[in-house]
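Please examine the sequence and the model below before reading on. The paragraphs after them lead through selected features in turn.

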Amino acid sequence: MMEQKGVMLSGIQPSGELTLGSYLGAIKNWAERADQFDCYYFMADMHTITVRQNPADLRRRTVSQLAAYIACGLDPERNTLFIQSHVPAHAQLGWILDCYTMFGELSRMTQFKSKSAAHAENINAGLFTYPCLMAADILLYQADYVPVGEDQKQHCELTRDIAERFNAIYGPVFKVPEPYIPKMGARVMSLTSPENKMSKSDQDPNGCVYLLEDPAVIAKKFKRAVTDSEACVRFDPVNKPGISNLMQIYAATTGRSFEAIEAEFAGQGYGAFKTAVGDSVVEMCRPIREETERLLKDKGYLESVYRAGAEKAGRIANKTLRKVYKKVGFVAP
Ligand code: TYM
């Protein structure tokens, strides 16, 4: 008998260009696991409209994100790649889960607090119930693992709580998923303010490195990265957040340990270290950028990938949705 594979699922909002943080925290991990799991990865376009978007930019970034997924090694033959809004079950289950999630739980979400502070003029209901839609994304596919960066851990934990609550009422409808967070690169910090997370919505363009950016610009951003005055490459996130962040990035891109990095740059000051980290990122990004650019010239191919992806994803998602409809007491259509 064929062994049933576990399910892995994740998504990224096309609300900005892909960053080094989303690559090291999430995508890199996805690409390494296609053989072991049945994998679903999507462009979370429905989540992005919780903040105002320029429609043309959103469309362009959604397709470009798909091309980048493939360029990062997600083979569409072995991974189901789709656009969230193409599978209506996400919105349908999202509504139901709204009704099984408490106001207090949603009020405690740190992303809601930080985003409502950043967009005080537009604290809409979607921003508040965002974690219910994310729970629907995950639970529809009966995912075992959700590979994300550290900042999404709280949303994954709420997803588990919602699943357990629902299952306690109706029996085992949902698989209770686990977040899957990498050892290295789970929280990449800004290069200019290393006490803050590197983010695609960063106001300071020098703090954030984009995956598809010009190599010369990437190298320059690393040369300008904020460090400290000790001139010693040593891992100490509390007292040396800038250097420790660069060490994490270098460890994630080269696979080297902190001890090996400390030995490599002993007695050399920061110049050589910053250049080496920049070079390692440039070399990691180069093939991804070139392949993304090539794929973006073939819109027909990308369209065929997201259509096939939505069809397969829709089949799986609708199976769970039908079960949920029945459990909550909706008349079968
Ligand atoms: P998003 O779009 O903000 O980020 C996408 C992924 O990248 C990770 N990430 C980082 N990892 C390390 N360091 C950083 N500086 C960094 N910045 C971002 C995030 O942890 C995430 O894994 N709500 C999600 C999108 C989503 C989703 C889902 C994820 C919607 N539905 C279902 C998983 C499953 C979000 O806003 O991620």
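The model is predicted, so local features need pLDDT of at least 70 and side-chain atom pairs count only at pLDDT 80 or more, while totals for chains, interfaces and linings use all residues. Residues are numbered from 1 along each chain as its sequence is written, and side-chain values use heavy atoms, with hydrogens and water left out.

Charge pairs come first. Side chains of opposite charge can pair when their charged atoms come close. Here a salt bridge is a side-chain nitrogen of Lys or Arg within 4 Å of a carboxyl oxygen of Asp or Glu. The structure holds 19 salt bridges. One of them joins Lys28 to Glu32, with the closest N and O atoms 3.9 Å apart. Exposure is expressed as relative accessible area: buried means under 20%, exposed over 50%, and partly exposed in between, with a 1.4 Å probe and protein chains only. Lys28 is partly exposed at 25%, and Glu32 is partly exposed at 48%.

A second bridge connects Asp38 and Lys312, whose closest N and O atoms are 3.9 Å apart. This pair links distant parts of the chain, since Asp38 belongs to strand 2 (residues 37-43) and Lys312 to helix 13, 274 residues apart. Helices (H or I, at least four residues) and strands (E, at least two) are DSSP runs, numbered from the N terminus. Asp38 is partly exposed, with a relative accessible area of 29%, and Lys312 is partly exposed as well, with 27%.

Helix 13 also contains a pair of its own. Glu303 and Arg307 both lie in this helix, four residues apart, about one turn of the helix. An α-helix has 3.6 residues a turn, so residues three or four places apart point the same way. The side chains of Glu303 and Arg307 meet in a salt bridge at 3.2 Å, N to O. Glu303 is partly exposed at 30%, whereas Arg307 is exposed at 55%.

Helix 13 (residues 299-328) includes Lys323 as well. Together with Lys319, Arg322, Lys326 and Lys327, Lys323 forms a positive surface patch. Such patches are made of residues with over 30% relative accessible area and no salt bridge, with like charges joined within 9 Å and nonpolar side chains (Val, Leu, Ile, Met, Phe, Trp, Tyr) within 5 Å. Lys323 has a relative accessible area of 42% and is therefore partly exposed.

Elsewhere, Asp228, Glu230, Arg234, Asp236 and Lys240 are linked in a network of salt bridges. Ala231 lies in the loop between helix 9 (215-223) and helix 10 (241-254). Phi of Ala231 is near 60 degrees, a positive value in a residue other than glycine. Most residues other than glycine have a negative phi. At 48% relative accessibility, Ala231 counts as partly exposed. Gln142, in the loop between helix 7 (125-139) and strand 4 (145-147), also has a positive phi, near 55 degrees.

Is helix 10 mostly covered or mostly open? Helix 10 is mostly covered, with eleven of its 14 residues buried. Among them are Gly242, Ile243, Leu246, Met247 and Tyr250. The expected span of a helix is 1.5 Å times one less than its number of residues. The 14 residues of helix 10 should therefore span 20 Å, and its end C-alpha atoms are 20 Å apart, which agrees.

Conventions
Areas by Shrake-Rupley, 256 points an atom, 1.4 Å probe, with all protein chains shown as cover. Lys, Arg positive; Asp, Glu negative; His and termini not counted. Charge placed at Lys NZ, Arg CZ, Asp CG, Glu CD.
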